Amino acid sequence: MLGFSLRSLWNRRFVAGLTVLAISLSVALILGVERLRDGARDSFANSASGIDLIVAPRGNSVQILMATVFGVGGTGTGMTWDSFEWLEDRPEVAWAVPIQMGDNHRGYPVIGTDASYFEHFRHSGGQPLSLAAGTFLSGDGADAAVVGAEVAARFDYAPGAVIVNAHGSGEVSFDLHDDAPFTISGVLAPTGTAVDRMVFVTLEGFDALHAEEDAPAADPLDPAAMPTDDHDDHDDHDDHDDHGGHDGHDDHEDHGEHEGTEAKHSHEPDRINAVYVGLIDRTNVLGLQRAINERPSDALSAVLPAVALTELWGITGTAERAMRLMAWAVALAGMIGMVVMLSATLDTRRREFAILRSVGATPTRIFALIVAEAAILTAAGLILGLVLLTVATFVTDPILSARFGLRLGLNVFGAREMATLFVIFCAGLLASLIPAVRVYRMTLADGLSVRL
């Protein structure tokens, strides 16, 4: 029966081939949509691994997550360094990493931070960042930069290369900072996350890019800016002599406090854009979140990455459902095409069926012949669909990884994907019942009669 079905389909190979192609495209689309969805969710989750809280100026949690973790968008005007120190000194906090944003290097986001970023940041289930070459940022070099694996691969960067950043995010560059170049000190190993598409510089180096443009112009009408005569300078000098001991003591105390802070952070910018926070005990996360949100001196938002990701999936859920519906609609179209193909050939095959009946074939065997043909077409469509999906994944995975940080991977098909294939195969068998029942009802006299 199987061999006869194959020979029968071969005689109608053009139409049968189109049917197989339609089914294979629907299979590749259905499984591709699911794989793309899973790849996107895994990539997003891996990028935010190990961060308990993200603190940024008051804003939408999804926007803060996208800006701080994935380098898409911004976080507003920034938060003060005092707020960072208040947060860092909280008893619940194990570590805090300052983040500055707003520049790009040839379309890739530039992140201002310090050595604690590379010490505490985790990805892909708790893996630390590692270097492919060079060294991490340190307090010694303000003009040092560390680049992600994708940035280094695209522009052929290596430690010692000199790069220039620009103001603005994304592909938009408002001002090229060619007067403040950076020297690459290290290249990160690939992580499969947004880190691969980032350039990291020191807080001091990031501030140096904007120091000149941020400095306010002197007001010529301001009395403090007016030059003083020698007499005033002399009086000031006398005052300094009278109070030199007291002022010197105060200066010494201030210098001591400053040195204590400098030991912890080599540079203190006036404002930063966000803070990554790790907690000593994660059960304290809600209490700390409430304290941050209610801080009166700075309007801040404390974002739980997992909650923000859930909100993001809620936003994209409609698009995911639409893509699934479209994929299954294509599969339905493939099934309908197979039914049409099998049904359209029944009139031309009536004499074939009648001859089979005349040589002893029962109606049940002819019924089984139609079902077998449908099973062969559906199975061929499933196999070809898997091949197309594998080829498409192999071709698009580097592109999606480079442009969006999505890793699909040539993974072994899981239980859910096998269940989807089984459902499509069963749907093909059910669809074949329509032409099979029609054949079953044909009579020998109807097949042998000649129609004029």
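Me: Why is L332 called exposed?

Reply: In this predicted model, L332 has a relative accessible area of 52%. Exposed means over 50%, so L332 falls in that class. The residue belongs to helix α11. Its C-alpha lies 9.8 Å from that of A22, although L332 and A22 are 310 residues apart in sequence.

Me: What makes T378 count as buried?

Reply: The relative accessible area of T378 is 0%. The limit for buried is under 20%, and T378 is therefore buried. T378 sits in helix α13, residues 363–404. Leaving out residues up to four places away in sequence, T378 touches I23, M338, I424, F425 and G428. A separation of 354 residues in sequence lies between T378 and S24, yet their C-alpha atoms are 8.5 Å apart in space.

Me: Is D156 buried or exposed, and how do you know?

Reply: D156 has 69% relative accessibility. Because the class of exposed residues begins over 50%, D156 counts as exposed. D156 is placed in the loop between α6 (149–155) and β9 (162–163).

Me: Why are α2 and α11 called roughly antiparallel?

Reply: The axes of helix α2 (residues 13–47) and α11 cross at roughly 170° and come within 8 Å. Angles over 145 degrees count as roughly antiparallel, and α2 and α11 are therefore described in that way. The contact of α2 with α11 comprises 23 nonpolar, 4 polar and 5 charged residues.

Me: Why are α11 and α14 described as roughly parallel?

Reply: Helix α14 covers residues 415–441, and its angle with α11 is about 30°, with the axes 9 Å apart. Since angles under 35 degrees count as roughly parallel, the term applies to α11 and α14. The crossing of these helices, α11 and α14, is right-handed. On the α11 side the contact is made by W328, M335, M338, V339, L342 and S343. On the α14 side the residues are T420, V423, I424, A427, G428, A431, I434, P435 and R438. By class, the contact of α11 with α14 holds 11 nonpolar, 3 polar and 1 charged residues.

Me: What makes α3 roughly perpendicular to α11?

Reply: The axes of α3 and α11 cross at roughly 105° and come within 9 Å. The range for roughly perpendicular is 65 to 115 degrees, so α3 is roughly perpendicular to α11. In α3, S61, V62, L65 and M66 meet P305, A308, L309, E311, L312 and I315 of α11. The residues of the contact of α3 with α11 divide into 8 nonpolar, 1 polar and 1 charged.

Me: Which residues have the most contacts inside the largest nonpolar core?

Reply: They are I54, I99, Y117, F118, F200 and Y276, in a core of 36 residues. Two or more residues each come from β1 (53–57), α3 (61–70), β3 (93–105), α5 (115–120), β8 (144–147), β15 (274–279) and α11 (305–344). The largest share of this core, 7 residues, is given by α3. In soluble globular proteins, nonpolar side chains tend to be buried together.

Me: With which residues is I99 in contact, leaving aside its neighbours within four places in sequence?

Reply: I99 is in contact with I111, G112, T113, Y117, I272, N273, A274 and Y276.

Me: How many helices and strands does the protein chain have?

Reply: The secondary structure of the protein chain comes to 15 helices and 16 strands. Of its 452 residues, 44% count as buried. Among contacts between residues at least 6 apart in sequence, 79% join residues at least 24 apart.

Methods: Residues are numbered from 1 along each chain as its sequence is written. This is a predicted model: local features need pLDDT of at least 70, side-chain atom pairs count only at pLDDT 80 or more; totals for chains, interfaces and linings use all residues. Side-chain values use heavy atoms; hydrogens and water are left out. A nonpolar core is a set of buried Ala, Val, Leu, Ile, Met, Phe, Trp, Tyr and Cys residues joined through side-chain atoms within 4.5 Å. Buried means under 20% relative accessible area, exposed over 50%, partly exposed in between (1.4 Å probe, protein chains only). Helices (H or I, at least four residues) and strands (E, at least two) are DSSP runs, numbered from the N terminus. Contact means heavy atoms within 4.5 Å. Axes are lines fitted to C-alpha atoms, for helices over the stretch in contact, and angles run from 0 to 180 degrees between N-to-C directions. A crossing is left-handed if the near helix is turned anticlockwise from the far one by less than a right angle, and right-handed if clockwise. Ala, Val, Leu, Ile, Met, Phe, Trp, Tyr, Cys and Pro count as nonpolar, Asp, Glu, Lys and Arg as charged, and the others, Gly among them, as polar.
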